[in-house]
Amino acid sequence: MSSSFHQEDVFASYARLLLKYFLAEGIMCGHSIFLASAEVKPEQVLKDLPGPVIDDPGKDAVLPPDGEDSMQIAWRYQNLPKVQPGTVSSKFGHYYDLTKTMDPGIISNTKKKLFYVSEKCSTSDGDADCTMNPAYQKLLSAVKLYIEEGQFGTATSSENRTVLRIGIHSLGSPLWGEDTGASHHGHPHPSLPRFLYCLRAILRSAFAVCTISMPTHLFQDGAFTRKIEQFCDTVVHLESFVGSDKEKNPVYKDYHGLFNIVQLPRLNSLTCHMPDSLDLAFKLRRKKFTIEKLHLPPELSETVSRSQEDPIFSAKGTDIGCGHSTGSNKLDF
């Protein structure tokens, strides 16, 4: 299936939150989970998943019974039903409360595989001249093995098969053994692009989706980042306002950052679906994280932006008609 690539914000707080949403939705939908991390232990990430919001089905509002003192209504409304049915709205996915954590019992009942990169795995294993980082090799082998064991491949058939959700936290950071896009020979090492290429090939033949967060602001070469984007289907960039000039800009006072869409998937098609607007922003509230269209506030400047002069007599000393005029009187000849 497809892979999604999130370019982390500077402090990686919002990118980590998106990864938690991705994993929490998979658990609530009954999907299998594969979580890999080198900074935070995967067990701790699962413990911090947001708790789902249990929808209140609501009860139909019943009107008070008719009595002697009941209000008289028009005759055309008398045949309407006395019960007001609840509004029916379409819902996609689940909603989560960031102030609560998910029930550990729900997480324990989920099929999952955790992969934690230790210092021994990222530094001492493998050869220095290998074309792929040892940590990437182990991760790729673990993903491939779990797909085979769980029968998530498209070539196998299973009655109780679900979708596998793969989450990789902060891939390409120094904790993964990455050299931030530089090498001793002056050219970016092909380890990370090679890993993404192999991972996408595995996902194409499996019922699996993958979300990767990556600190691209640590990479020294911008061309290296553009190269990495070509090996993913969807690429988004989270631009946080923390520590930037936009934090104090009144235009962005209602938002915490920009949600920039860099690349959209083109799966089995020549072109991709284009949304109505690419100007998106996100805000973090007390209980939820929302992404919405960027709406600029109205211009409420006290000073008038346009000139109030008469355009005909904007220049003084212009001769109009038969006599000399200073431009102060329109009827002066």
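The model is predicted: local features need pLDDT of at least 70, side-chain atom pairs count only at pLDDT 80 or more, and totals for chains, interfaces and linings use all residues. Residues are numbered from 1 along each chain as its sequence is written, and side-chain values use heavy atoms, with hydrogens and water left out.

**Aromatic pairs**

- The structure holds 12 aromatic pairs (rings of Phe, Tyr and Trp, the latter by its six-membered ring, with centres within 6.5 Å; planes under 30 degrees apart are stacked, over 60 edge-to-face, the rest tilted).
- Tyr-14 and Phe-289 make a tilted pair, at 6.3 Å centre to centre and 35 degrees between the planes.
- Tyr-14 belongs to helix 1 (residues 13–28) and Phe-289 to strand 13 (residues 289–293), so this pair ties together parts that are 275 residues apart in sequence (helices, H or I of at least four residues, and strands, E of at least two, are DSSP runs numbered from the N terminus).
- Tyr-14 is buried at 8% relative accessible area, and Phe-289 is buried at 11% (buried is under 20%, exposed over 50%, partly exposed in between, with a 1.4 Å probe and protein chains only).
- Tyr-21 and Tyr-96 pair edge-to-face, at 5.8 Å centre to centre and 80 degrees between the planes.
- That pair links Tyr-21 in helix 1 with Tyr-96 in strand 6 (residues 96–101), 75 residues apart; both residues are buried.
- One aromatic cluster is formed by Tyr-14, Tyr-21, Tyr-96, Phe-282 and Phe-289.

**Largest pocket**

- The volume of the largest pocket is about 1300 Å³ (the space filled by probe spheres set on grid points joined across faces, edges and corners).
- A pocket is an open set of points on a 1 Å grid over the protein atoms alone where a 1.4 Å probe fits, with protein on both sides within 12 Å along at least five of seven lines; lining residues have an atom within 4 Å of a point.
- Of its 31 lining residues, Leu-18, Tyr-21, Phe-22, Phe-92 and Ile-291 are the closest to the centre.
- Helix 1 contributes the most to the lining, with four residues.
- The lining divides into 17 nonpolar, 11 polar and three charged residues (Ala, Val, Leu, Ile, Met, Phe, Trp, Tyr, Cys and Pro are nonpolar; Asp, Glu, Lys and Arg charged; the others, Gly among them, polar).

**Thr-156**

- Thr-156 sits in the loop between helix 5 (134–149) and strand 8 (164–168) and is partly exposed, at 35% relative accessibility.
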